[in-house]
Amino acid sequence: MDDATRTRIEAATYRRLIEHLMNDRPDAQNIDMMNLAGFCRNCLSRWYGEAAAKEGIEMSKEESREIVYGMPYDAWRAKNQREATPEQLKAFDTAFEQNVGPRKD
């Protein structure tokens with residue numbers, strides 16, 4: 001497979017992942033994704049911004065989030081995000097400590 005074809009396939013796969021997370025499964029909470037997989041929609045938006053920066057494109061956190069979420073982040077949160085339960089927060093803290101170390105907040 002040549003590089004251009006691989007890039008097109010990778011881009012299509014990324015777009016399908018975003019479509020799935022935003023349209024098919026907006027009920028999948030970011031905290032649950034973090035606890036299970038170690039990444040969430042916010043990570044995707046951060047990675048998007050980092051990739052843009054490598055191409056010389058400056059992008060704010062809000063701009064990259066709007067690209068990933070398909071709307072302003074606060075609007076998506078108001079529509080889809082639920083308050084984290086104590087169990088979710090505990091699982092997040094445990095996963096964070098295992099993967100990163102003690103939280104400093």
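Alanine 91 is found in helix H6 of this predicted model. The residue is partly exposed, its relative accessible area being 32%. Between the C-alpha atoms of alanine 91 and threonine 5 there is a separation of 40 Å, the two residues being 86 residues apart along the chain.

Glutamine 88 is likewise placed in helix H6, which spans residues 86-99. With a relative accessibility of 12%, glutamine 88 counts as buried, whereas alanine 91 is partly exposed. When neighbours within four places in sequence are left aside, the residues in contact with glutamine 88 are Ile31, Asp32, Asn35 and Glu83.

Aromatic side chains were examined next. The structure holds 4 aromatic pairs. One of them joins phenylalanine 39 and tryptophan 47, whose ring centres are 5.9 Å apart and whose planes form an angle of 25°. This pair is classed as stacked, because planes under 30 degrees apart fall into that class. Both partners are partly exposed: phenylalanine 39 has a relative accessible area of 23%, and tryptophan 47 has one of 38%.

Ring pairs also link Tyr69, Tyr73 and Trp76 into a cluster. Tyrosine 73, a member of this cluster, has a charged residue over its ring as well: arginine 65 lies over the face of tyrosine 73, at 4.0 Å from the ring centre.

The cysteines were then considered. A disulfide is a covalent bond between the sulfur atoms of two cysteines. A search of the whole structure for such bonds finds 0 disulfides. Cysteine 40 is in no disulfide, and the nearest cysteine sulfur to it belongs to cysteine 43, 4.1 Å away. Cysteine 43 is also in no disulfide, and its nearest cysteine sulfur is that of cysteine 40, at 4.1 Å.

Cysteine 40 has a relative accessibility of 5%, and cysteine 43 has a relative accessible area of 8%. Each value falls in the buried class because that class covers residues under 20% relative accessible area. By the same cut-off, phenylalanine 39, with a value of 23%, is partly exposed.

Methods
Residues are numbered from 1 along each chain as its sequence is written. This is a predicted model: local features need pLDDT of at least 70, side-chain atom pairs count only at pLDDT 80 or more; totals for chains, interfaces and linings use all residues. Side-chain values use heavy atoms; hydrogens and water are left out. Rings of Phe, Tyr and Trp (its six-membered ring) pair if their centres lie within 6.5 Å; planes under 30 degrees apart count as stacked, over 60 as edge-to-face and the rest as tilted. Buried means under 20% relative accessible area, exposed over 50%, partly exposed in between (1.4 Å probe, protein chains only). A charge sits over a ring if NZ of Lys or CZ of Arg is within 6 Å of the ring centre and within 35 degrees of the ring normal. A disulfide is a pair of cysteine sulfur atoms within 2.5 Å. Helices (H or I, at least four residues) and strands (E, at least two) are DSSP runs, numbered from the N terminus. Contact means heavy atoms within 4.5 Å.
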